[in-house]
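Work through the exercises below with the coordinates loaded. Each task is followed by a solution in steps.

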Amino acid sequence: RVHTCETQLSSGDAVTNTFGIRKMEWDKDKGFFLNGKATKIKGFANHQDFAGVGVAVPDSLQTYRVWQVKQMGANGWRTAHNPPTPALLDECDKQGMLVWDENHRNL
């Protein structure tokens with residue numbers, strides 16, 4: 001389930017964010033549990049690019065990308081090498097996809 005939070009800033013502007021709440025547990029004998037349910041993570045490593053558009057992936061294409069990997073039986077998305085776009089993370093939330101966001105930051 002995705003929740004919405006609207007924050008009123010001191011400048012008078014408002015910012016709206018979506019978020020989800022999940023309980024995750026790991027048992028060395030029984031495996032991974034998500035919200036109390038045993039869950040096998042099946043996913044892909046995905047680069048932030050797409051055939052025909054390269055790295056300039058339009059936000060509107062993220063819905064299709066997430067839907068497509070779900071059709072292949074995935075429930076997990078691992079970002080690869082670069083930070084994901086907010087549109088990708090929002091779409092994963094909407095479609096119930098777990099995300100492993102790599103922390104490779106070349107500073």
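The accessible surface of the chain comes to about 7,900 Å², and carbon and sulfur atoms account for 53% of that area. The model is a predicted one.

**Exercise 1. Overall description**

Task: State the extent of the chain, its burial, its contacts by sequence separation and its charge placement.

Solution.
- Step 1. The C-alpha trace spans about 50 × 40 × 35 Å along its principal axes.
- Step 2. The chain has 107 residues, and buried residues make up 27% of them.
- Step 3. Take the contacts between residues at least 6 apart in sequence; 36% of these join residues at least 24 apart.
- Step 4. There are 13 positive and 12 negative charges, and their mean positions lie 10 Å apart.

**Exercise 2. Secondary structure and the sheet**

Task: Give the order of helices and strands along the chain, then describe the sheet that contains β4.

Solution.
- Step 1. Two helices and eight strands are present. Along the sequence they follow the pattern β-β-β-β-β-β-α-β-α-β.
- Step 2. Strands β3, β4 and β5 form an open sheet in the order β3-β4-β5, with antiparallel pairing.
- Step 3. β3 (24–27) and β5 (37–38) each have a single partner strand and stand at the edges, so one side of each has no neighbour in the sheet.
- Step 4. In general, strands of a sheet pair through backbone hydrogen bonds, in parallel or antiparallel fashion. Here β3 and β4 (residues 31–34) are paired in the antiparallel sense over four bridges. Within this pairing, D27 stands opposite G31 in β4.
- Step 5. N35 is in the loop between β4 and β5. N35 is not a glycine, yet its phi is positive, about 55 degrees.

**Exercise 3. Q95**

Task: Locate Q95, decide whether Q95 is buried or exposed, and list its contacts.

Solution.
- Step 1. Q95 lies in helix α2, which covers residues 86–95.
- Step 2. The relative accessibility of Q95 is 17%. Buried means under 20%, so Q95 counts as buried.
- Step 3. Leaving out residues up to four places away in sequence, Q95 touches T63, V66, W67 and K70.
- Step 4. For W67 there is also a polar pair: a polar atom of the Q95 side chain lies 3.4 Å from the backbone nitrogen of W67.

**Exercise 4. Two loop residues**

Task: For A74 and T85, find the loop that holds each residue, its burial and its contacts.

Solution.
- Step 1. A74 is found in the loop between α1 (61–71) and β7 (76–79).
- Step 2. With a relative accessible area of 6%, A74 is buried.
- Step 3. Beyond residues up to four places away in sequence, A74 touches K42, G43, F44, V69 and M97. One of these, F44, is 30 residues from A74 in sequence, while the C-alpha atoms of the two are 7.3 Å apart in space.
- Step 4. T85 is in the loop between β7 and α2.
- Step 5. The relative accessible area of T85 is 19%. The cut-off is under 20%, so T85 is buried.
- Step 6. With the same exclusion of residues up to four places away in sequence, T85 touches Q48 and Q62.

Key
Residues numbered from 1 in each chain as written. Predicted model: local features only at pLDDT ≥ 70, side-chain atom pairs only at ≥ 80, totals over all residues. Heavy atoms only, no water. Pairing = 2+ DSSP bridges. Buried < 20%, exposed > 50% of the residue type's maximum accessible area, 1.4 Å probe, protein only. Contact = heavy atoms within 4.5 Å. Areas by Shrake-Rupley, 256 points an atom, 1.4 Å probe, with all protein chains shown as cover. Lys, Arg positive; Asp, Glu negative; His and termini not counted. Charge placed at Lys NZ, Arg CZ, Asp CG, Glu CD. Polar contact = N/O pair within 3.5 Å; in protein donor to acceptor, adjacent residues only side chain to side chain.
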